[in-house]
Amino acid sequence: MIFDIGVAVLSVIAFLIVAYPLYFICIASISDSTLVSTGKVLLFPRGISMFGFKEIFGDSRIWTGYRNTIVYTLLGTFVNLLFTLPAAYALSRPEFRARRFIMLAFVITMFFGGGLIPTYLLIKSLHMTNTMWVFIFPFCVNVFNLIITRTFFETSLPKELYEAASIDGCSHFTFFRTVALPLSKAVVSVIALYYLVAHWNDFFTALIYIRDNELQPLQIILRDILLSNQVFQSGAGAGGAAGGYAQKFADQVKYGVILVSTLPILIVYPFIQKYFEKGVMIGSVKG
């Protein structure tokens with residue numbers, strides 16, 4: 001019982017350490033910035049004001065950014081999985097003789113690259129600059145995720161499964177679709193989450209390749225709002241009503257931007273979390 005109590009106490013402490021910063025951002029985004037900066041806001045919001053969210057959602061571009069980011073994230077994640085999963089399965093099969101050479105070629109790209117300028121020239125020659133496809137296809141396979149998925153297929157799919165399926169006339173394509181994927185929900189969910197978060201947080205691609213405001217993702221628009229707010233705050237030294245106004249509400253926009261950009265991912269995560277906690281291979285092979 002003492003051990004169980006100790007584990008419970010440590011779990012609660014670990015949860016509070018992780019959860020409190022998120023909670024603090026929530027209460028700070030609607031609290032008086034002066035009270036926040038002086039340490040008077042710890043557990044409950046004080047001097048409640050929705051100025052930060054009014055500034056963020058008052059910008060009409062925010063909804064365009066949300067729409068674009070959702071499209072880029074969903075379509076991009078689908079394309080990522082469409083290329084990564086079959087490639088990882090093929091590279092995991094011992095009868096595929098070229099797998100070591102191809103895997104070496106993939107790994108080399110993790111350490112050596114052409115650089116920003118050659119990459120930009122390549123994307124431009126493919127006519128993908130200032131289009132939505134620059135978010136989808138040029139970087140559709142992450143080698144680190146490919147290695148994780150390949151390792152999972154190698155270590156968690158017993159060879160007896162394929163042998164039993166091949167006796168019934170099952171090809172590699174059919175085995176991958178009907179056996180490997182259903183038994184790999186854990187790794188598919190993890191890799192999908194990695195890709196999804198990467199697409200959601202991606203702003204560098206838009207910063208380099210996108211000029212059309214109608215194609216800008218959410219992160220770029222939030223960055224513009226944050227920079228505009230910093231410029232507004234820098235005028236606080238002039239004094240007067242404008243200066244006090246800027247000092248009082250500047251941080252609310254900053255905390256609001258953090259909340260708006262991370263909340264959708266926090267909502268999605270609990271639905272995928274169960275695949276982190278359990279494996280689906282248990283009991284798949286009898287005897």
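Me: Leaving aside neighbours within four places in sequence, which residues is serine 29 in contact with?
Reply: Keep in mind that this is a predicted model. Serine 29 sits in the loop between helix H1 (2-28) and helix H2 (33-37). Once its neighbours within four places in sequence are set aside, its contacts are Ser49, Phe53, Gln252, Tyr255, Gly256 and Leu259.

Me: And is serine 29 buried or exposed?
Reply: The cut-off for buried is under 20% relative accessible area. Serine 29 has a relative accessibility of 1%, so it counts as buried.

Me: What does the chain's secondary structure come to?
Reply: Reading from the N terminus, the elements go α-α-α-α-α-α-α-α-α-α-α-α-α. In numbers, that's 13 helices and zero strands.

Me: What share of contacts between residues at least 6 apart in sequence join residues at least 24 apart?
Reply: Threonine 64 and leucine 218 show what sequence separation can look like in space: they are 154 residues apart in sequence, yet their C-alpha atoms are 7.7 Å apart. For the chain's contacts between residues at least 6 apart, the share joining residues at least 24 apart is 74%.

Me: Which residues does threonine 64 touch, not counting those up to four places away in sequence?
Reply: Threonine 64 belongs to helix H4. With 18% relative accessibility it counts as buried. Skipping residues up to four places away, it touches Asn213, Glu214 and Gln216.

Me: Where is arginine 93, and which residues is it in contact with beyond four places in sequence?
Reply: Arginine 93 is in the loop between H4 and H5. Its relative accessible area is 13%, so this arginine is buried. Leaving out neighbours within four places, its contacts are Arg99, Tyr162 and His172.

Me: Why are the buried residues of H9 on the same side of the helix?
Reply: The buried residues in helix H9 (residues 172-180) are Phe175, Phe176, Val179 and Ala180. They share a side of H9 because, around the axis, they cover an arc of only 110 degrees.

Me: What covers that buried side, and which exposed residues does the face turned away from it carry?
Reply: The cover over the buried residues of H9 includes helix H4 (61-92), helix H7 (143-156) and helix H8 (159-167). On the face turned away from the buried side, the exposed residues are Phe173 and Arg177.

Me: How are H4 and H10 oriented to each other?
Reply: Two packed helices are described by the angle between their axes and the distance between the axes. Here the axes of H4 and H10 (residues 185-201) come within 9 Å and cross at roughly 140 degrees. The crossing is right-handed. In orientation, H4 and H10 are therefore oblique.

Me: What about the residues of the contact of H5 with H7?
Reply: Helix H5 (residues 99-111) packs on H7 at an angle of about 145 degrees, with the axes 9 Å apart. Arg99, Met103, Phe106, Val107, Thr109 and Met110 of H5 meet Val143, Phe144, Leu146, Ile147, Arg150 and Glu154 of H7. These residues come to eight nonpolar, one polar and three charged.

Conventions: Residues numbered from 1 in each chain as written. Predicted model: local features only at pLDDT ≥ 70, side-chain atom pairs only at ≥ 80, totals over all residues. Heavy atoms only, no water. Buried < 20%, exposed > 50% of the residue type's maximum accessible area, 1.4 Å probe, protein only. Helix = DSSP H or I, 4+ residues; strand = E, 2+ residues; numbered from the N terminus. Arc of directions from axis to C-beta. Contact = heavy atoms within 4.5 Å. Axes fitted to C-alpha atoms, helices over the stretch in contact; angles between N-to-C directions. Parallel < 35°, antiparallel > 145°, perpendicular 65-115°, else oblique. Left-handed = near helix turned anticlockwise from the far one by under 90°. Nonpolar A, V, L, I, M, F, W, Y, C, P; charged D, E, K, R; others polar.
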